[in-house]
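Here's a quick tour of one protein model, written for someone new to reading structures. Have a look at the picture, then work through the notes below.

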Amino acid sequence: MTKRILKIIAAVVIFGIVLLVLIQFIPYGKDHSNPPVVSEPVWDSQQTRDLAKATCFDCHSNETVWPWYSNVAPVSWLLYRDVAEGRSRINFSDWQNSLVMEPGELASAVTQGEMPPIQYLPMHPSARLSVAEKTQLADLLMKLTSP
């Protein structure tokens, strides 16, 4: 009975490895192009821009930093989807054409802890915001204007 269980476990592991290798050939999530920066909002200070860059730019700008694991499926699929969705909602690099959400919604997402999303934080500890940083970023989002 023990040999049978070990064979089943080995077959499942081998199947999992083969499946993981095969999904690497699916092209979705492999486009890591960053379009040019078209227009940014008028920042109140360089410090606030730096805060937004450290916290928001990976998903909400054309300056995404694509880490090595963004090339490994299925993680690449999730990251690509998150960046595409993030850019479609607010894009700090194409500010005049991208603001879909109201400033109050953006500020609320930051103060309520919805942004940055929890799955982003383990690999990006610099995106963890203190209460003061959340307030600073929310205030900025409430008063951002186009250049």
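A polar contact is a pair of N or O atoms within 3.5 Å; within protein, one must be able to donate a hydrogen and the other to accept it, and residues adjacent in sequence count only if both atoms are side-chain atoms. Keep that in mind for Thr 64, whose side chain reaches the backbone oxygen of Asp 58 at 2.8 Å.

What you're looking at is a predicted model, where local features need pLDDT of at least 70 and side-chain atom pairs count only at pLDDT 80 or more, while totals for chains, interfaces and linings use all residues. Residues are numbered from 1 along each chain as its sequence is written, and side-chain values use heavy atoms, with hydrogens and water left out.

**Two residues in one loop**

- Thr 64 sits in the loop between H3 and H4; helices (H or I, at least four residues) and strands (E, at least two) are DSSP runs, numbered from the N terminus.
- Is Thr 64 buried or exposed? With a relative accessible area of 6%, Thr 64 is buried (buried means under 20% relative accessible area, exposed over 50%, partly exposed in between, using a 1.4 Å probe and protein chains only).
- Leaving aside residues up to four places away in sequence, Thr 64 touches Asn 34, Phe 57, Asp 58, Val 83 and Arg 87; contact here means heavy atoms within 4.5 Å.
- Asn 62 belongs to the loop between H3 and H4, and Asn 62 is buried, with a relative accessible area of 8%.
- The side chain of Asn 62 reaches the backbone oxygen of Pro 36 at 3.0 Å.
- Not counting residues up to four places away in sequence, Asn 62 touches Asn 34, Pro 35, Pro 36, Arg 87, Asn 91 and Ser 93.

**Aromatic rings**

- How many aromatic pairs does the structure hold? There are six aromatic pairs, where rings of Phe, Tyr and Trp (its six-membered ring) pair if their centres lie within 6.5 Å; planes under 30 degrees apart count as stacked, over 60 as edge-to-face and the rest as tilted.
- Take Phe 57 and Phe 92: their ring centres are 5.5 Å apart and their planes are at 20°, so the pair is stacked.
- This pair links distant parts of the chain, 35 residues apart, with Phe 57 in helix H3 (residues 57-60) and Phe 92 in the loop between helix H4 (75-89) and helix H5 (95-98).
- Both Phe 57 and Phe 92 are buried.
- Trp 43, Phe 57, Phe 92 and Trp 95 make up one aromatic cluster.

**Helices packing on H7**

- Helix H2 (residues 46-55) packs against helix H7 (residues 131-143) at an angle of about 105°, with their axes 10 Å apart; axes are lines fitted to C-alpha atoms, for helices over the stretch in contact, and angles run from 0 to 180 degrees between N-to-C directions.
- That angle makes H2 roughly perpendicular to H7 (under 35 degrees counts as roughly parallel, over 145 as roughly antiparallel, 65 to 115 as roughly perpendicular and the rest as oblique).
- Gln 47, Thr 48, Leu 51, Ala 52 and Thr 55 of H2 meet Glu 133, Gln 136, Leu 137 and Leu 140 of H7.
- The residues in this contact of H2 with H7 are four nonpolar, four polar and one charged (Ala, Val, Leu, Ile, Met, Phe, Trp, Tyr, Cys and Pro count as nonpolar, Asp, Glu, Lys and Arg as charged, and the others, Gly among them, as polar).
- Helix H6 (residues 103-111) and H7 pack at about 170°, with their axes 8 Å apart, and that makes H6 roughly antiparallel to H7.
- On the H6 side, the residues making the contact include Leu 106, Ala 107 and Val 110, and those of H7 include Leu 137, Ala 138 and Leu 141.
- The contact of H6 with H7 has eight nonpolar, two polar and one charged residues.
- Leu 137 of helix H7 is buried, with a relative accessible area of 0%.
- Among the residues that Leu 137 touches, not counting those up to four places away in sequence, are Leu 51, Cys 56, Val 110 and Leu 129.

**Cis peptide bonds**

- A cis peptide bond joins Ala 73 and Pro 74, with omega about 5°, and Pro 74 is in the loop between H3 and H4.
- Met 115 and Pro 116 are also joined by a cis peptide bond, with omega about -10°; Pro 116 is in the loop between H6 and H7.
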